[in-house]
Amino acid sequence: MSLYWNARMETLDREELRKIQGERLKATIKRVYENVPYYAEKMRKAGVTPEDINSVEDLRKLPFTTKADLRDNYPFGTFAVPLNEVVRVHASSGTTGKPTVVGYTKNDIQTWAECVARCLYCAGVGKDDIVHVAYGYGLFTGGLGLHYGAEMVGATVIPVSGGNTARQIQLLKDFGATVLCCTPSYALYIADEMASAGIKKEDLELRVGIFGAEPWSEEMKAQIKQRLGLKAYDIYGLSEILGPGVSMNCECQNDLHIVSDHFIAEIIDPETGEVLPDGEKGELVFTCITKEALPLIRYRTRDLSVLTNEPCACGRTGTRMKKVTGRSDDMIIIRGVNVFPSQIESVLLKYSEVEPHYMIYVDRVNHLDVMEIHIEMNQSIFSDKIKNIESIERKIRHEIESTLGISTSIKLVEPKSIQRSEGKAKRVADRRKIFNS
Ligand code: DLL
């Protein structure tokens, strides 16, 4: 098996890569200007025309795109092709009730599969492998994203999706999967369940793990490796740009290789928007230069990372990014699901019995994320019977669970018991301690 899925594009000479990026960028800008009224308007306001964009250096002239822009154009307003050319739609959580909707043409699905195929080759996964995909299938991009890439490299794909851990373990064992794809926290949960069922890592054939969709530390990587007997790789991506497959660890485990002939990465200061040089930590910004349905320009990911263009021993020449260690907004990722406190708040505002003062506690218990939300009740129900209070807790829990798609527990607390803040309200206490620092 070759080291690279697409040797030419993955090992392009730096100058040639930049030239290709420039050409693709120019063509993309022309296309969005002509086909997406939202972008045309935004560029007009910024005083830029497609003629001003001729190379990667010109990228800075263009305005940023944010999640709010996607929300304002919900659901399909940022698409650059008519809907009858879109063959697939996925979605991820938005900051309020509405999800962020993304679309793909037939070519985009091919591009996506190729990006994931390159990532799998980075981990040495090919046609002899049996790939167990335990990322969720559905609107989330994880399941189908890994699925198409694994099929492209010719592997045998087991599309299990998430949940039912006992069955997952049974299938891992019976089908002899060599590759496990899921969130890193779920990998550890699988290891726990294996231990309680008396199944040893030697009973499985796993040799590689493709883990992502949430932040995880090097310590966690070492632990997964030790407990499941596999080599763990970090895969990164986000629905707005592609889904999984934007960047990936290689054999050298030296940061993550960005698929640079498809996406141009920048790092900015999240406060000022100023572009930062290689080596400085800031917010990742991506521009899609080959996508047809949703070629986002300078999309602010809110993910914090560092870029480097130093060569890697594996020979891939694209830009690399450091493991994502946090975000510049208040999004939290719980069991792979993106959660914004504002989504919870919009549910609470519907209930007259509670105040919009709340605190979200996130813990990791036996490698599973658990969330408990404390909400202040108002004076009117404070002296009510426990039974009435419990009934409101239940109603709120149901509504939050159906909004977020994950389980939670709700506790109504005394009026004025949640600490008020003079500045930015602190709504989340994330006690998972994923990173030591
Ligand atoms: O999580 C896509 C994905 C699926 C990536 C499977 C990897 C594996 P979204 O649901 O749109 O897409 O969430 C994207 O998740 O902005 C990051 O904050 C976080 N994230 C994704 N991968 C990583 C990673 C998918 N490897 C958001 N490390 C992103 C840290 C990650 N955070």
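Colleague: How many helices and strands are there in the protein?

Modeller: The protein has 12 helices and 21 strands, where helices (H or I, at least four residues) and strands (E, at least two) are DSSP runs numbered from the N terminus. This is a predicted model, in which local features need pLDDT of at least 70 and side-chain atom pairs count only at pLDDT 80 or more, while totals for chains, interfaces and linings use all residues. Residues are numbered from 1 along each chain as its sequence is written, and side-chain values use heavy atoms, with hydrogens and water left out.

Colleague: What radius of gyration does the protein have, and what would a compact globule have?

Modeller: The radius of gyration is taken over C-alpha atoms, and the globule rule is 2.2 Å times the number of residues to the power 0.38. For 437 residues a compact globule would come out near 22 Å, and the protein, at 23 Å, agrees with that. The C-alpha trace spans about 70 × 60 × 45 Å along its principal axes, and buried residues account for 55% of the 437 residues, buried meaning under 20% relative accessible area, exposed over 50%, and partly exposed in between (1.4 Å probe, protein chains only).

Colleague: In what order do the strands of the 9-stranded sheet run, and which are the edge strands?

Modeller: Strands of a sheet pair through backbone hydrogen bonds, either parallel or antiparallel. Two strands are taken to pair if DSSP finds at least two bridges between them. Here the open sheet of 9 strands has the order E4-E3-E5-E6-E7-E8-E9-E14-E13, with mixed pairing, and its edge strands, E4 (156-159) and E13 (307-308), each pair on one side only. At one end of that order, E3 (residues 130-133) and E4 pair in the parallel sense over 4 bridges, with Pro159 of E4 as the bridge partner of Val133.

Colleague: Which strands do helices H5 and H6 lie across?

Modeller: Axes are lines fitted to C-alpha atoms, for helices over the stretch in contact, and angles run from 0 to 180 degrees between N-to-C directions; contact itself means heavy atoms within 4.5 Å. Helix H5 (residues 106-122) lies across E6 (208-212), E7 (231-238) and E8 (243-248), at about 45° to E8. Helix H6 (residues 141-152) lies across E3, E4, E5 (179-182), E6 and E8, and runs at about 65° to E8.

Colleague: Which residues of helix H9 are buried, and why are they on the same side?

Modeller: An α-helix has 3.6 residues a turn, so residues three or four places apart point the same way. In H9 (residues 218-228) the buried residues are Met220, Lys221, Ile224 and Leu228. They lie on the same side of H9 because they cover an arc of only 105° around the axis, the arc being that of the directions from the helix axis to the C-beta atoms. These buried residues pack against E5, helix H8 (184-196), E6, E7 and strand E18 (354-365), and H9 is followed by Gly229, whose phi is positive, near 65°.

Colleague: With which strands does E18 pair, and in which sense, parallel or antiparallel?

Modeller: E18 pairs with E19 (residues 368-377) in the antiparallel sense over 9 bridges, and with E21 (residues 428-430) in the parallel sense over 3 bridges. E18 and E19 form a hairpin with 2 residues between them, where Asn366 in the turn has a positive phi of about 50°, and Val365 stands opposite Leu368 in E19. In E21, Val428 is the bridge partner of Ile360.

Colleague: Which strands stand at the edges of the 4-stranded sheet?

Modeller: That open sheet has the order E10-E11-E12-E15, with antiparallel pairing. E10 (263-268) and E15 (326-327) stand at its edges, each with a single partner strand, so one side of each is left without a neighbour in the sheet. E12 (residues 299-305) and E15 run antiparallel and are joined by 2 bridges, Leu304 having Gly326 of E15 as its bridge partner.
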